[in-house]
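Here are some notes from going through the two-chain model.

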Amino acid sequence: MTSQFPRDPAVSIEIVSELNRVGRELREAYMQSRRDELLSAFESYLQSRQSISNPKFNVVLFGFQEAWRRNDFDVIVRVGDKLPREWLLRWREPQAFYAMALARVGRDMLRLA
Amino acid sequence: MLSFRQELNAIVRQFDLAKIRFALCGGLAASIYSEPRGWFCYDFVVEPSNVDLAISSLAAIDFFEASSCTQNQILIRSFVKNDPGHHENLKLDLWIPDPTVYSEVWIGWNSPEMDGQLIHIVSEPSLVRMGRAVGGLKRLAEIAGLESAP
């Protein structure tokens, strides 16, 4: 397998950045193609009265993205409050949406500390 | 500098023209199902019957074979394309899983569109199974990420 890293750090950064952009773009296209399914699952998270024990990454991220587009920060906070803390700490993108939504609704970020 | 995106499009176009059945696997595929991580290699799964055609298609866009190895009934043939401007190589692995052992690899693909082309991606369970079979620290980290983001 060809696993060695590029020798030049500047080239490494450039390649990783481009790869990440391509990965994110493909992920966005994938999530859009499953939009209804993801939003339906997100709605079930929103309506759940219990904590979400095994959240699906793409469901949470897509739901947060859509809610953010609508400026519906309360939805992000309500679902984020039910996510396991370890899960939120692991996944930086959903965590960022949750943290920013907490700030928008005037709550502190103690839960993530 | 060679563009990863342009090269990916060129590879997909070549494989489509040659009517090769292929899908992305490895790190780039893992990033569809969770957060992108740093990686430096394209990984494609192809059927054994398409390997020669795939190698010819890659040679046509200046990817040349560098090495090969087998892990748990998955043959991996590695290719490089030199970037003369930076003295670096773009790297590509062709994964050729034994079809009697990994028959599920060929079902349940997702196919998002990028730049007007469909990019086929193996299913999440297949990605995890093949990644675990191939191993390696980075690969296992990807799998851990996938399994905690099901």
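1. A word on confidence before anything else: pLDDT is the predictor's confidence in each residue, on a scale from 0 to 100. This is a predicted model, so that scale is where I'd start reading. Among the elements of chain B, helix α3 (residues 51-60) has the highest mean pLDDT, 96, while helix α5 (residues 137-147) has the lowest, 68. Where pLDDT is low, the predicted coordinates should not be read in detail.

2. What about the overall scores? The mean pLDDT of chain B is 87, with 87% of its residues reaching 70 or more. For the complex, the predictor gives a pTM of 0.82 and an ipTM of 0.78.

3. How many helices and strands does chain A have? There are 6 helices and 0 strands, so the pattern read along the sequence is simply α-α-α-α-α-α. Of the 113 residues in chain A, 30% are buried. Take the contacts in chain A with a separation of 6 or more: 51% of them come from residues 24 or more positions apart.

4. In sequence order the pattern is α-β-α-β-α-β-β-β-β-β-α-α. Buried residues account for 42% of its 150 residues. Looking at contacts in chain B between residues at least 6 apart in sequence, 55% join residues at least 24 apart.

5. Back in chain A, there is a helix pair to look at. Two packed helices are described by the angle between their axes and the distance between the axes. Here the axes of helix α3 (residues 57-69) of chain A and helix α6 (residues 92-104) of chain A come within 9 Å and cross at roughly 35°. The crossing of α3(A) past α6(A) is left-handed. On the α3(A) side the contact is made by Val60(A), Leu61(A), Phe64(A) and Trp68(A), and α6(A) contributes Glu93(A), Pro94(A) and Phe97(A). Sorted by class, that contact has 6 nonpolar residues, no polar ones and 1 charged residue.

6. Is strand β2 (residues 41-46) of chain B mostly covered or mostly open? Mostly covered: 6 of its 6 residues are buried. Both faces of β2(B) are covered, with Cys41(B), Asp43(B) and Val45(B) buried on one side and Tyr42(B), Phe44(B) and Val46(B) buried on the other. Note that an aspartate, Asp43(B), is in that buried set.

7. What does β2(B) pair with? Strand β1 (residues 22-24) of chain B is joined to β2(B) by 3 bridges, and the two run antiparallel. In this pairing, Ala23(B) has Val45(B) as its bridge partner in β2(B). Val45(B) is also one of the buried residues of the strand.

8. Asn72(B) lies in the loop between β3 and β4 (74-83) of chain B. Why does Asn72(B) count as partly exposed? Because 14 C-beta neighbours lie inside 10 Å.

Methods. Residues numbered from 1 in each chain as written. Chains lettered and ligands numbered in written order. Predicted model: local features only at pLDDT ≥ 70, side-chain atom pairs only at ≥ 80, totals over all residues. Helix = DSSP H or I, 4+ residues; strand = E, 2+ residues; numbered from the N terminus. Buried ≥ 20, exposed ≤ 12 C-beta atoms within 10 Å, placed from the backbone. Contact = placed C-beta atoms within 7 Å. Axes fitted to C-alpha atoms, helices over the stretch in contact; angles between N-to-C directions. Left-handed = near helix turned anticlockwise from the far one by under 90°. Nonpolar A, V, L, I, M, F, W, Y, C, P; charged D, E, K, R; others polar. Pairing = 2+ DSSP bridges.
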